[in-house]
Amino acid sequence: EELEHEARFQARVDAEERIEANDWMPAAYRKTLVRQISQHAHSEIIGMLPEGNWITRAPSLRRKAALLAKVQDECGHGLYLYAAAETLGVSREELTDQLLTGKAKYSSIFNYPTMSWADIGAIGWLVDGAAIMNQIPLCRCSYGPYARAMIRVCKEESFHQRQGYEIMLTLCRGSEEQKAMAQDALNRWWWPCLMMFGPPDAASQHSDQSTKWKIKRFSNDELRQKFVDATVPQAQFLGLTLPDPELRFVPDEGGDGTTGHWHYGQIDWDEFKQVIAGNGPCNRDRLAARNKAHAEGEWVREAAMAHAAKRQARQQA
Ligand code: ACO
């Protein structure tokens with residue numbers, strides 16, 4: 001009977017039907033979604049920290065307002081994603097606990113420091129650009145609640161990407177020092193951004209199954225290549241140099257010459273593994289900051305519980 005359920009489930013996925021929270025689903029499908037959606041939620045929450053670092057030092061009121069809005073959007077993304085994960089039967093408390101104790105993964109990219117204002121531009125342009133590349137296909141993910149959450153997330157990410165690129169453009173059209181800051185930020189963020197897409201396909205343990213279930217629509221390497229192809233002309237427009245001596249355009253020999261790709265150099269996968277293992281430049285700071293915020297929010301949770309208990313008592317009276 002289990003096999004029959006599985007076959008019917010796969011047929012629905014193959015027919016591009018959305019799977020909803022109360023539908024039958026294989027235990028492993030549920031598990032992989034909880035894993036991916038919760039990692040994604042944690043990434044949004046931890047992702048507020050590197051940029052939050054610059055809210056008080058934004059160079060103008062306009063920049064401050066945009067950065068504040070962006071960081072708030074990320075908090076919202078985390079909340080929709082935790083809510084989507086909860087539809088699969090896990091609790092928010094459990095997921096939060098996994099993050100705070102260091103058991104859960106979140107995106108490697110948020111373990112790098114934001115050293116200058118130009119980093120805020122580079123993050124918007126590159127990190128949010130990479131996030132969009134990865135998340136647009138997730139709008140068609142087989143799991144309905146995740147796919148629907150992604151639609152709004154992607155709209156907001158595209159605003160984030162534009163504000164980042166506009167910061168870079170302003171710096172690149174500014175003084176020599178400003179342009180040098182932009183180049184320095186690009187040098188530091190480029191390779192970690194390529195790592196965001198995950199290990200190379202041959203080393204991606206979840207890809208085959210997630211593709212079959214239509215959670216993933218493109219492989220890690222396919223999305224990485226799309227990102228490089230989209231980003232190289234943007235860097236050229238800024239007048240910046242990507243920190244990769246091997247970068248070169250390879251035309252599509254068989255095609256009409258319009259479908260070539262930018263070949264890029266070797267990614268340092270040891271660095272990626274170190275960051276994921278908790279040894280990146282900021283892993284410890286990030287977890288310490290989250291734990292401190294959680295402890296300082298204790299009174300809010302207590303007050304909310306007390307308020308709910310009082311209301312319930314009043315309703316029963
Ligand atoms: N940072 C940290 N861990 C990563 C990263 C990364 N950049 N890329 C892959 N991993 C982890 C995976 O989570 C997995 O670990 P696990 O088995 O302990 O869960 C392991 O490396 C192997 O990778 P894959 O088999 O390729 O994993 P998966 O099929 O889940 O693909 C990917 C990884 C592409 C990140 C996928 O999970 C995904 O699309 N997630 C949703 C998007 C997301 O989380 N974005 C967060 C950053 S963007 C932002 O928040 C602004």
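Predicted model: local features only at pLDDT ≥ 70, side-chain atom pairs only at ≥ 80, totals over all residues.

Colleague: OK, packing. At what angle do H4 and H7 pack?

Modeller: About 160°, with the two axes 10 Å apart. H4 covers residues 61–86 and H7 covers residues 144–172. Angles over 145 degrees count as roughly antiparallel, so H4 is roughly antiparallel to H7.

Colleague: And is the crossing left-handed or right-handed?

Modeller: The crossing of H4 and H7 is left-handed.

Colleague: What sort of residues make up the contact of H4 with H7?

Modeller: They split into 10 nonpolar, 4 polar and 9 charged.

Colleague: Let's move to charges. How many salt bridges are there?

Modeller: The count comes to 17.

Colleague: Which residue in H7 pairs with Arg62 of H4?

Modeller: That's Glu166: the side chains of Arg62 and Glu166 form a salt bridge, 3.2 Å from N to O. Arg62 sits in H4 and Glu166 in H7, so this pair ties together parts that are 104 residues apart in sequence.

Colleague: Are those two buried or exposed?

Modeller: Arg62 is exposed, with a relative accessible area of 54%. Glu166 is partly exposed, at 31%.

Colleague: Which residue forms a salt bridge with Arg148?

Modeller: Glu20 does, and the closest N and O atoms are 2.8 Å apart. Glu20 lies in the loop between H1 (2–14) and H2 (27–46), while Arg148 is in H7, so the pair links parts 128 residues apart in sequence.

Colleague: How exposed is each end of that pair?

Modeller: Glu20 is partly exposed, with a relative accessible area of 27%. Arg148 is partly exposed as well, with 47%.

Colleague: What about Asp119, which residue does Asp119 form a salt bridge with?

Modeller: With Arg188, the closest N and O atoms being 2.7 Å apart. Asp119 is in H6 (residues 117–135) and Arg188 is in H8 (residues 176–195), so that pair ties together parts 69 residues apart in sequence.

Colleague: Is Asp119 buried or exposed?

Modeller: Asp119 counts as buried, at 0% relative accessibility.

Colleague: Which residues do salt bridges with shared partners join into one network?

Modeller: Glu51, Lys70, Glu74 and Asp128.

Colleague: How far is Glu176 from Asp73?

Modeller: Their C-alpha atoms are separated by 33 Å, and the two residues are 103 apart along the chain.

Colleague: Switching to backbone. Which residues should I look at for phi?

Modeller: Take Glu16, which has a positive phi of about 65° although it is not a glycine. Lys214 is not a glycine either, and has a positive phi of about 55°.

Colleague: How accessible is Glu16?

Modeller: Glu16 counts as partly exposed, at 38% relative accessibility.

Colleague: Last one, Thr96. Is Thr96 buried or exposed?

Modeller: Thr96 has a relative accessible area of 18%. The cut-off for buried is under 20%, so Thr96 is buried. Thr96 lies in H5 (residues 92–100).

Colleague: What does the side chain of Thr96 have 2.8 Å away?

Modeller: The backbone oxygen of Arg92, which lies 2.8 Å from a polar atom of the Thr96 side chain.

Colleague: Great, thanks.

Definitions and conventions: Residues numbered from 1 in each chain as written. Heavy atoms only, no water. Axes fitted to C-alpha atoms, helices over the stretch in contact; angles between N-to-C directions. Helix = DSSP H or I, 4+ residues; strand = E, 2+ residues; numbered from the N terminus. Parallel < 35°, antiparallel > 145°, perpendicular 65-115°, else oblique. Left-handed = near helix turned anticlockwise from the far one by under 90°. Nonpolar A, V, L, I, M, F, W, Y, C, P; charged D, E, K, R; others polar. Salt bridge = Lys/Arg side-chain N within 4 Å of Asp/Glu carboxyl O. Buried < 20%, exposed > 50% of the residue type's maximum accessible area, 1.4 Å probe, protein only. Polar contact = N/O pair within 3.5 Å; in protein donor to acceptor, adjacent residues only side chain to side chain.
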